[in-house]
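Hi,

Here is the structure I promised to pass on. Have a look at it first, then read my notes below.

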Amino acid sequence: MTQTIRIKKGLSINLKGKAPLSNLSALQKNGVYGLVPDDYQGVVPKVLVKVGDAVKVGDPLFCHKRHPEMLFTSPVSGEVVAVRRGEKRKLLSIEVAPSNDIEYKEFPVLSSFGDRKALQNLLLSSGMWAFFKQRPYDIIANPEEAPRDIFVTALLTAPLAPDVNYLLADREKDLTTALQALAVLTEGTVYLGVAKDSPLAKLSVKGVEVVQVEGPHPAGCVGTQINYIRPINKGEVVWTLKVTDLLVMGRFLRTGKVDYTRIVAVTGSDATERGYVSLLPGCHVEEAFGGKLAVKKEHERVINGDVLTGIQLSQDRPFSSLNIDQITVIPEGDDIDEMFGWIAPRFNQFSISRLYTSWLQKGKEYALDARVKGGERAMIMSNEFHRVFPLDIYPEQLLKAIIAFDIDKMEALGIYEVAPEDFALCEFVDSSKQELQYVVRKGLDLLYKEMN
């Protein structure tokens with residue numbers, strides 16, 4: 001019998017700009033493609049190519065210094081045109097200009113997944129390992145540590161999230177192949193979190209336990225599912241993935257070809273067009289859409305991901321990430337001049353409190369912009385985090401322990417279970433206007449350095 005968990009705390013933000021279940025026109029394939037090492041948390045990059053080198057799809061561009069067998073591979077075939085560095089020679093991106101003809105590096109197709117070591121080496125050498133993240137620390141998984149369990153979320157609950165069933169249409173073979181591989185990589189259980197009454201609830205794969213999850217966001221966050229299904233104790237390691245990552249991995253394991261292409265939802269109130277499009281990660285997003293992604297270029301924010309946890313795309317960071325599922329376009333808000341200040345009464349703005357009328361307007365969609373609407377101030381114990389934070393953890397106390405970097409308190413309060421995305425809603429409702437996800441990320445990085 002399928003296990004069911006119900007999430008009561010949380011907040012589903014109803015934004016304008018949902019993607020209709022229709023395909024947009026094909027994207028342009030000119031321009032350059034880039035890998036950004038900052039997209040791979042915990043990786044210390046070592047460049048393996050130089051400008052002018054010819055590469056095939058699947059050829060390595062850089063590796064992890066601490067684990068040289070962990071390679072990060074090119075999404076296109078062509079010529080390396082730039083290795084960009086910043087302050088202190090920090091690697092910012094490696095860029096490849098695609099050729100007209102696609103050439104693939106050849107990888108073996110395993111007849112079975114019985115040999116765990118052979119499977120792991122294949123995933124490491126092909127670049128597929130980049131999809132595996134581990135907790136604690138929320139970093140790219142350490143291949144030398146076997147996970148207690150593996151958690152996969154097939155429930156996307158973030159604002160304007162794409163329809164999972166639409167993304168999974170006709171991809172059952174890829175999904176099943178990837179799940180079979182995951183079951184070999186752990187001696188524990190592969191947990192697959194799905195929506196209530198999802199078609200995936202009937203999926204049957206040896207070593208995989210399907211768990212139905214219902215409730216508001218962050219029910220779809222893998223951290224919430226871990227906390228409800230089987231929490232992490234000190235000294236334990238679990239790996240996490242999204243179901244859409246498994247589609248890419250399963251296709252590779254079946255064909256032996258590295259193909260990062262995935263279906264991405266274009267969403268947001270200020271997107272010129274909304275819908276679903278086939279996108280090759282690593283592309284220069286603005287160039288791929290022909291500069292016609294946003295209604296007004298000057299006052300829109302284009303986000304790689306959702307509005308709560310996504311990364312703003314800019315001239316300095318224009319490339320889509322490897323695990324992208326949606327692109328969101330919202331107003332920046334920098335062109336708005338409020339005569340009476342942000343605290344004035346209004347009817348078209350959303351708030352979790354009852355200062356606005358949004359609590360009376362159930363089902364109303366809102367076009368929110370990127371303004372903070374207030375100044376940073378000291379954190380207060382107002383219980384506002386507890387209303388949207390479903391984990392069995394005291395969020396304010398943990399955040400204060402992280403800021404003070406009190407390791408004993410951090411461990412006692414559950415630092416090993418969390419990732420920045422778990423605090424995204426807390427950041428949204430925070431009246432102190434603090435960058436809570438940044439606080440958690442910095443705390444995890446410092447703790448990892450201290451412990452290793």
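Lys 50 and Asp 53 form a salt bridge, with their closest N and O atoms 3.4 Å apart. A salt bridge here is a side-chain nitrogen of Lys or Arg within 4 Å of a carboxyl oxygen of Asp or Glu. Lys 50 counts as exposed, at 56% relative accessibility (buried is under 20% relative accessible area, exposed is over 50%, and partly exposed is in between, using a 1.4 Å probe and protein chains only).

Before you go on: this is a predicted model, where local features need pLDDT of at least 70, side-chain atom pairs count only at pLDDT 80 or more, and totals for chains, interfaces and linings use all residues. Residues are numbered from 1 along each chain as its sequence is written, and side-chain values use heavy atoms, leaving out hydrogens and water.

Back to the salt bridges: the count comes to 23. Asp 38 pairs with Lys 90, the closest N and O atoms being 3.1 Å apart. Asp 38 sits in the loop between β2 (33-35) and β3 (45-47), and Lys 90 in the loop between β7 and β8 (91-98), so this pair ties together parts that are 52 residues apart in sequence. (Strands are DSSP runs of E, at least two residues, numbered from the N terminus.) Asp 38 is partly exposed at 38%, and Lys 90 is partly exposed at 41%.

Then there is Lys 242 with Asp 325, at 2.7 Å from N to O. Lys 242 is in strand β14 (residues 238-242) and Asp 325 is in the loop between β18 and β19, so the two tie together parts 83 residues apart in sequence. Lys 242 is partly exposed at 22%, whereas Asp 325 is buried at 7%.

Five strands form an open sheet in the order β16-β15-β19-β17-β18, with mixed pairing (two strands pair if DSSP finds at least two bridges between them). β16 (275-279) and β18 (311-312) are at the edges with a single partner strand each, so one side of each has no neighbour in the sheet. Strands β15 (residues 262-267) and β19 (residues 326-331) run parallel and are joined by 3 bridges. Thr 267 has Thr 328 in β19 as its bridge partner.

One last thing: Arg 85 belongs to strand β7 (residues 78-85) and is partly exposed at 36% relative accessibility.

Cheers

Terms used: Helices (H or I, at least four residues) and strands (E, at least two) are DSSP runs, numbered from the N terminus.
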